[in-house]
Amino acid sequence: MAIMKADKLGVSVAKGPSMMTGAIPKNDWWDVPAEFKPGKYCYPAKQEIHEYHQKSLPKELGGQPRVWDPESDNWLLPEGWEAIILNGLKERLDKFRSLKIFMDCCVRCGACADKCHFFLGTGDPKNMPVLRAELLRSVYRNDFTLAGKLLGKMAGGRPMTFGVLKEWFMYFYQCTECRRCSVFCPYGIDTAEITMMGRELLHLVGVNTNWILEPAANSNRTGNHMGLQPHTFKDNIMYLCDDIEEITGIRVEPTFNRKGAEVLFITPSADVFAEPGIYTAMGYLLLFHHIGLDYTFSTYASEGGNFGLFTNNELMKKLNAKMYAEAKRLEVKWILGGECGHMWRVLHQYMDTMNGPADFLQVPTSPITGTRFDNAASTKMVHISEFTADLIKHGKVKLDPKRNDHRTVTWHDSCNTARAMGLLDEPRYVMQNVCNNFHEMPENTIRESTFCCGSGTGLNTDEIMELRMRAGLPRANAVKYVRDRHEVDTLACVCAIDGNALVMEGEKERETGLRFEPLAGMEG
Amino acid sequence: MYGKGRIIPALILFLGLMTSPIWYKSGEASKMPKPEKPKDYKECVAPTQEMRTSHMVLLNEWRDDILREGGARTGKTPNGTEYIRSLQNGCMKCHSDKKKFCDACHNYTSVKPYCWDCHLQPKEAM
Amino acid sequence: MRILTPFIAVLALIAVGLVAAQVPGGQALIGIVLPYLAFALFLGGFAYRVMQWAKSPVPFRIPTTCGQANSLPWIKQNKIDCPSTKLGVIARMILEVFLFRSLFRNTKAEVHEGPKLVYGSSKFLWLFAILFHYSFLVIVLRHMRLFMDPIPGFVAALEFGDGFMQIGAPVFYQTNAIFLAAIAFLFLRRVMLSNIRYISLPADYFPLLLIFGIAVTGILMRYVFRADVVAIKQLTHGLTTFAPTIAAGQISPIFFILQQADAHGRCLHEPHPEHDQQQPDGPAHQSVE
């Protein structure tokens, strides 16, 4: 698993033969097999993790637990796996109109081609969103359309074969479901939906990755991805409180599983467990203490993130359900959510149908400012940056942006909060109020056109480091641009996974550093 | 079926629009134009079918030839009859009624020639 | 192969038209039977496909948000790109369907040494797509003069506007030239750009070539081979009143038939998604927040 040196990687991106550098493959795309080599794929789920999931989910959703090797030519697939996939596809076509239309309506105009960060970084034709979708669409055409049944290959149809399955496993795990391509598609085709369906189908025949299934198993068992048990979860937060006391002299006293609190606060478990998330969590703790918020943590709904989103709808629904279950049990009025992009995608676009409506909760109203969050009237869940922006607007927090004068900051919009929520100006308002030196990255790389950090959808695993570096290139490239031009030295993100060096100044929250240092070096 | 309330009416609207030529004035019988042919003359400058499809090309040729190239003002039919190459003095000499001849087909197929932007319309048509 | 097969298919269609026009009964087949069949298939296929889509539910509200959401009252919402009302959704859809707004955002990315990524504006695809679709629309509407009697005012107005340069006789229509240029651009783009060529299928070339064939034969019929418009209208208007007549010997035989064969091929070709766009239930951009 040799990782290419950063400088060599940089040369390879700009000069190596790829579609980005103008090299045209000799063979048609359906004649180029997917080859699994170390560093090109995520490790399959451990058998015991897979078995654990089989206990709590319908067995047919996950396929047969086993030890298998993506590099081998025998993946130990179940008997009749092709039929399993085709039946699964039919079931999903009947369940989701979006999938049906996305399968039918592409005209291959190519507007999406150079919008994908994976394509920009690898130049692999199958990372053009259109071809990624064609991997699935070709099978759809072959078995579900009249033209495909009559004309087969001439109509762009392909039978479901092991070769196709290999392509799926390779390229549906080189998509972070960031949806940047869907912004540019004239038909609004959403590759994230296609990747989700592709991954669901792969799971049906037991093709999966450990980096996704293990956190999902943890989350199912303990309520969070890290597998933190209630006492550990509490201890971790109390350590953070000690640190806070040491730095600021203030003792904050958060509560856990307290019935009757006004607000339930849910954030990804990474925030209470590892750097840089913990700095963000310290920010939360200080902020809530300062404004005197009546809130509680839950040691069960101790995770906002939802790796179910990266496996299948049922698991997503199941992992998401604990939020409302805990809100109900603790009799809170509404839920406040911390960062984490894909958590917000689930909350904003899926939760209401999957586990709502949450009639037992009230429309969120800030107890400090009295602002009613009518945009959250249905889900009853407010994003921390909306909440904080409202506090700042009403002058409820005292901020000294001068404390951050040693930093020049830019803002990275997370894909999901930007393109699945429209949360763009709230964090910018917070930024304006906490620092004096702020510069935006170039227009094509922010807001709804923001680039993925390259590590979403359960692809933040080390075995594919080179792919991640390549996928992170467009974002890093934009960061480098503002670094060179405006001497920006801090990349603020909404998500801890995206960043790595929080700047903690009392009330200020979520200012995280640049995780791209290795990449920045690579570009230099 | 989901979203019937919007999809069915929209579909009906679409089908209605696409078939609108069928519904449009369907009560009225189709009237084929019957251009009135001159009684006194049997022969035109070219065969009937050619005149039907290409008289406008001929007129344009005459105009360009006479006005811009100084071409001859008269021509001969295949049978040797001499005629004047002119809309007003040639064509209209036989086909004297614009309304009953020119307009019959032009109106039927929505053709609006700009001949009469410059030429004086024949009196009876005014 | 991907271009050759559809090209041969279009040539074959033209050949069928050529031959059938000479065979006894062939004119009636191509002029009367096929038009009804093709039109019925087109309408039926269109309705079938929409109904097929409608059979699946839309469980989640998953539109891509392309602007600031409705949030705090003092934060300016982008009411079109991230709508929270029905009106906003309709506005977003109208702009998308009629002005191809997403395509207007198009950029072109290049990688340079460094590695350094550069993004440039790239609006040609949008421009030619708009030109193609709107000149197509004008041409179809202009043809209504052959299907309606008396001819509605808007058709005459369109014809006048389209031919206002008054070049030649019969008068030259700008949309014809724009239409040909736009198809040529869309076709050449597919052939010349290596990545677009790589993703293109026969199903992408076929409609382009077919439409090109229809346009060229139509233009030839008007300016070169000279069709008898009155006889054509007698047939086409006859079709809409279910009393079609083919005037013997009056229809300039070959190219009128060619046009017929081609246009039918086009109608028989599976309902093209472009039309489906007009459905108010367009795919992703629909839901209210």
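Predicted model: local features only at pLDDT ≥ 70, side-chain atom pairs only at ≥ 80, totals over all residues.
Reader: What is the N to O distance in the salt bridge of Glu134(A) and Arg141(A)?
Author: Glu134(A) is buried, and Arg141(A) is buried too. Their side chains meet in a salt bridge, with an N to O distance of 2.5 Å.

Reader: Is Arg468(A), the salt-bridge partner of Asp462(A), buried or exposed?
Author: The closest N and O atoms of Arg468(A) and Asp462(A) are 3.2 Å apart. Asp462(A) has a relative accessibility of 52% and therefore counts as exposed. Arg468(A), for its part, has a relative accessibility of 8%, and because the cut-off for burial is under 20%, Arg468(A) counts as buried.

Reader: Which residues of chain C belong to the salt-bridge network that holds Arg108(A) and Glu134(A)?
Author: Arg108(A) meets a chain C residue, Asp204(C), in a salt bridge with an N to O distance of 2.6 Å. Salt bridges that share partners join Arg108(A), Glu134(A), Arg137(A) and Arg141(A) into one network with two residues of chain C, namely Arg190(C) and Asp204(C).

Reader: How many salt bridges does the rule find across the interface of chain A and chain C?
Author: The structure holds 41 salt bridges over all chains. Across the interface of chain A and chain C, where the rule also finds 36 residue pairs in polar contact, the number of salt bridges is 3.

Reader: Which helix gives the most residues to the side of chain A that touches chain C?
Author: The contact takes 86 residues from chain A and 68 residues from chain C. On the side of chain A, the residues divide into 44 nonpolar, 18 polar and 24 charged. The element that gives the most to this side, with 7 residues, is helix 4 (residues 97–105) of chain A.

Reader: What area is buried between chain A and chain C?
Author: Carbon and sulfur atoms give 60% of the area buried between the two chains. In chain A, the residues that lose the most area to chain C are Arg97(A), Arg108(A) and Tyr187(A), which together account for 12% of what that side buries. The area buried between chain A and chain C is about 6300 Å².

Reader: What share of the residues in chain C is buried?
Author: Chain C has 12 helices and 2 strands, and its elements run α-α-α-α-β-β-α-α-α-α-α-α-α-α from the N terminus on. Among contacts in chain C between residues at least 6 apart in sequence, 64% join residues at least 24 apart. Of the 289 residues in chain C, the buried share is 53%.

Reader: Which helices of chain A do the buried residues of helix 11 pack against?
Author: Helix 11 of chain A is mostly covered, since 10 of its 13 residues are buried, among them Asn210(A), Ile212(A) and Leu213(A). At 1.5 Å a residue the helix should span 18 Å, which agrees with the 18 Å between its end C-alpha atoms. Its buried residues pack against helix 2 (47–56), helix 10 (191–204) and helix 14 (313–329) of chain A.

Reader: Which residues does Glu214(A) contact, leaving aside its neighbours within four places in sequence?
Author: Glu214(A) is found in helix 11 (residues 210–222) of chain A, and at 24% relative accessibility Glu214(A) counts as partly exposed. Glu214(A) and Gly227(A) are 13 residues apart in sequence and 9.3 Å apart in space, C-alpha to C-alpha. With the neighbours within four places left aside, Glu214(A) is in contact with Lys46(A) and Ile49(A).

Reader: Which residue has its backbone nitrogen 2.9 Å from a polar atom of the side chain of Asn312(A)?
Author: Asn312(A) lies in the loop between strand 2 (295–297) and helix 14 of chain A, and at 6% relative accessibility Asn312(A) counts as buried. Not counting residues up to four places away in sequence, Asn312(A) touches Leu61(A) and Glu200(A). The backbone nitrogen at 2.9 Å from its side chain's polar atom belongs to Leu315(A).

Definitions and conventions
Residues numbered from 1 in each chain as written. Chains lettered and ligands numbered in written order. Heavy atoms only, no water. Contact = heavy atoms within 4.5 Å. Buried area = accessible area lost by both parts, 1.4 Å probe. Salt bridge = Lys/Arg side-chain N within 4 Å of Asp/Glu carboxyl O. Polar contact = N/O pair within 3.5 Å; in protein donor to acceptor, adjacent residues only side chain to side chain. Helix = DSSP H or I, 4+ residues; strand = E, 2+ residues; numbered from the N terminus. Nonpolar A, V, L, I, M, F, W, Y, C, P; charged D, E, K, R; others polar. Buried < 20%, exposed > 50% of the residue type's maximum accessible area, 1.4 Å probe, protein only. Expected span 1.5 Å × (residues − 1).
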